[in-house]
Amino acid sequence: MISPEQHPSPEPEYMNAFSDTIDGKKVELFLLRNDNGMEVALSNYGAAIVSIRVPDKNGKIEDVTLSYDNLSDLRAGKSYFGCIVGRFANRIGGAQFTLDGVTYNVPKNDGNNALHGGVNSIDKQVWKARKMNDAIRFTIDIPDGENGYPGTMKVTVVYSLKADNSLVIDYTATTDQPTVVNLTNHVYFNLSGDPSRTILNHEVAIRSSQFTPVDSTLIPTGELKAVKGTPFDFSASKPIGRDINMDDQQLVFGKGYDHNFVLDKRNPSEAAVVVVEPVSGRKMEVFTTQPGVQFYTGNFLNGTEKGRGVSYAYRTGFCLETQQFPDAPNKSQFPSPVLRPGEKWVGQTIYRFSIQ
Ligand code: GLA
């Protein structure tokens with residue numbers, strides 16, 4: 001068993017554990033490193049972040065993600081650790097939407113709803129990979145009709161690691177028929193570096209005055225609700241655990257936080273979300289061009305996913321999935337997720353690490 005402290009560093013053995021050939025396609029691990037000792041491991045299976053290793057306040061370098069030890073666990077995973085989800089991340093109510101008068105039915109893989117692009121979507125496929133200077137570029141073509149969605153969609157995701165400890169994720173998508181798009185990364189963070197601890201002590205600030213309340217199946221009602229006076233108010237930094245167990249119907253529906261926050265208009269150089277883990281001193285800032293962020297507190301983790309010598313338990317990781325709003329294809333009042341031929345969908349999200 002590997003203890004959290006001994007999380008496999010990218011030695012040949014670790015690289016081999018993530019190398020294989022699937023359906024004739026080569027799968028490998030790619031590493032990005034900078035001069036501060038920060039290191040990001042990426043797989044072209046699911047275009048996934050496999051680990052992010054950053055120093056704490058004492059210079060100790062640890063993985064701050066929930067991660068697997070090998071490719072077979074990544075393949076078998078059910079919680080979307082680190083991977084790119086699409087073509088429509090998050091939920092579509094009733095697994096159905098109408099675009100230009102045509103109704104599309106997509107797989108119901110979350111009760112009566114569609115979740116994260118369907119079954120064996122791009123999170124469970126081998127992407128093409130190209131190494132660049134400080135970056136890795138992953139590309140995939142989603143065929144017309146795959147998982148019921150219209151249009152061949154060409155998707156590019158570029159991960160770059162910068163000298164200031166920013167992991168930059170650039171997304172582009174094009175299509176040959178009108179379709180809907182919502183691409184995000186589903187990495188789970190635990191900035192303590194010890195994934196046997198919950199994330200409830202992490203202090204979070206979100207530049208958001210409104211969130212999109214949901215029904216009991218986590219489909220937005222369509223309302224934009226002010227966070228003020230609710231447990232969803234993160235306008236001033238507070239520990240995740242402060243209000244998470246309050247008697248609040250939205251928290252009951254989400255089993256905790258599992259909601260889309262509407263990001264306030266702000267200067268692009270201002271972080272949309274800031275997270276600090278007080279014991280390690282690690283700080284993470286999230287910058288994004290996307291209109292929303294799904295703040296998910298690992299409420300479905302139940303110990304079945306394993307890695308780093310740990311069974312990942314309830315609320316031991318959190319996600320900040322920058323995104324279009326859930327069920328946007330059925331909610332004309334939400335920012336439009338429609339992509340048409342000749343248009344290019346572009347998105348950028350940055351996770352920047354430092355010490356506080
Ligand atoms: C998203 C959803 C959650 C859950 C996770 C995966 O964050 O909003 O409800 O489905 O993905 O477990």
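Predicted model: local features only at pLDDT ≥ 70, side-chain atom pairs only at ≥ 80, totals over all residues.
A search of the whole structure identified 25 aromatic pairs. One of these is formed by Phe189 and Phe318, whose ring centres are 5.8 Å apart and whose planes make an angle of 40°, an arrangement classed as tilted. Phe189 belongs to the loop between β17 (184-185) and β18 (203-206), and Phe318 to the loop between β27 (310-311) and β28 (319-323); the pair therefore ties together parts that are 129 residues apart in sequence. Phe189 is buried, because its relative accessible area is 0% and the limit for a buried residue is under 20%. Phe318 likewise counts as buried, at 0% relative accessibility.

A second example is provided by Phe234 and Tyr257. The centres of these two rings lie 5.1 Å apart and the planes meet at 70°, so the pair is edge-to-face; the angle required for this class is over 60 degrees. Phe234 is located in the loop between β20 (225-226) and β21 (238-239), while Tyr257 is located in the loop between α3 (249-254) and β22 (258-262), so that parts 23 residues apart in sequence are tied together by the pair. Phe234 and Tyr257 are both buried. Phe234 also has a charged neighbour: the charged end of Lys238 sits over the ring of Phe234, 4.4 Å from the ring centre.

Both pairs belong to a cluster linked by ring pairs, in which Phe189, Phe318, Phe234 and Tyr257 are joined with Phe211, Phe232, Phe261, Phe295, Tyr351 and Phe353.

Methods: Residues numbered from 1 in each chain as written. Heavy atoms only, no water. Phe/Tyr/Trp six-rings, centres within 6.5 Å; stacked < 30°, edge-to-face > 60°. Helix = DSSP H or I, 4+ residues; strand = E, 2+ residues; numbered from the N terminus. Buried < 20%, exposed > 50% of the residue type's maximum accessible area, 1.4 Å probe, protein only. Lys NZ or Arg CZ within 6 Å of the ring centre and 35° of its normal.
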